Amino acid sequence: MLSGRFRTFQHDHHFTATRHGTLLADKLTFSLPFGPAGWIVSRTIMVPHIRTLLRRRFQLLKHLAETEEWRRYLPPSS
């Protein structure tokens with residue numbers, strides 16, 4: 001990161017073909033500044049917060065993909 005609250009932040013997507021479709025696995029790696037204090041904050045506050053945030057986003061994406069609601073986010077075709 002060049003700027004921001006994190007000392008480091010990396011978010012990778014891994015796609016695996018399965019017999020039922022495609023499996024998406026996210027890998028999120030980050031660290032906070034301030035040495036041991038930053039490590040404690042990341043483990044006790046940031047990890048649970050980011051997990052909740054990603055789970056909600058995945059639920060929304062799954063809902064959009066499995067219904068017709070995704071059409072709301074695309075421009076009408078001509």
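**Notebook: salt bridges, patch and core**

I looked up Arg72 and found this residue exposed, at 60% relative accessibility. The scale I used calls a residue buried under 20% relative accessible area, exposed over 50%, and partly exposed in between (1.4 Å probe, protein chains only).

I note that this is a predicted model, in which local features need pLDDT of at least 70 and side-chain atom pairs count only at pLDDT 80 or more, while totals for chains, interfaces and linings use all residues. Residues are numbered from 1 along each chain as its sequence is written, and side-chain values use heavy atoms, with hydrogens and water left out.

**Salt bridges.** I searched the whole structure and got three salt bridges. The criterion is a side-chain nitrogen of Lys or Arg within 4 Å of a carboxyl oxygen of Asp or Glu. Side chains of opposite charge can pair when their charged atoms come close.

I found Arg72 paired with Glu69 at 2.9 Å, N to O. Glu69 is partly exposed, with a relative accessible area of 26%.

I then took the bridge between Glu68 and Arg71, which has an N to O distance of 2.4 Å. Glu68 is exposed at 51%, and Arg71 is partly exposed at 49%.

Glu66 and Lys62 form another bridge, at 2.9 Å, N to O. I located both residues in helix α1 (residues 35-66), four residues apart, or about one turn of the helix. Helices here are DSSP runs (H or I, at least four residues), numbered from the N terminus. Glu66 is exposed, with 57% relative accessible area; Lys62 is partly exposed, with 49%.

**Surface patch.** I looked up a nonpolar patch on the surface and found Phe15, Leu24, Phe58 and Leu61, with about 390 Å² of accessible area together. The areas come from the Shrake-Rupley method with a 1.4 Å probe, and for residues only the protein chains shown count as cover. Patch residues have over 30% relative accessible area and no salt bridge; like charges are joined within 9 Å, nonpolar side chains (Val, Leu, Ile, Met, Phe, Trp, Tyr) within 5 Å. Phe58 lies in helix α1 and is partly exposed at 34%.

**Core.** I found seven residues in the largest nonpolar core: Phe6, Phe30, Leu32, Met46, Val47, Ile50 and Leu54. Helix α1 gives the most to this core, with four residues. Such a core is a set of buried Ala, Val, Leu, Ile, Met, Phe, Trp, Tyr and Cys residues joined through side-chain atoms within 4.5 Å.

I listed the contacts (heavy atoms within 4.5 Å) of Leu32. Leaving out residues up to four places away in sequence, Leu32 touches Arg5, Phe6, Arg7, Gly38, Val41, Ser42 and Met46.

Terms used. Helix = DSSP H or I, 4+ residues; strand = E, 2+ residues; numbered from the N terminus.
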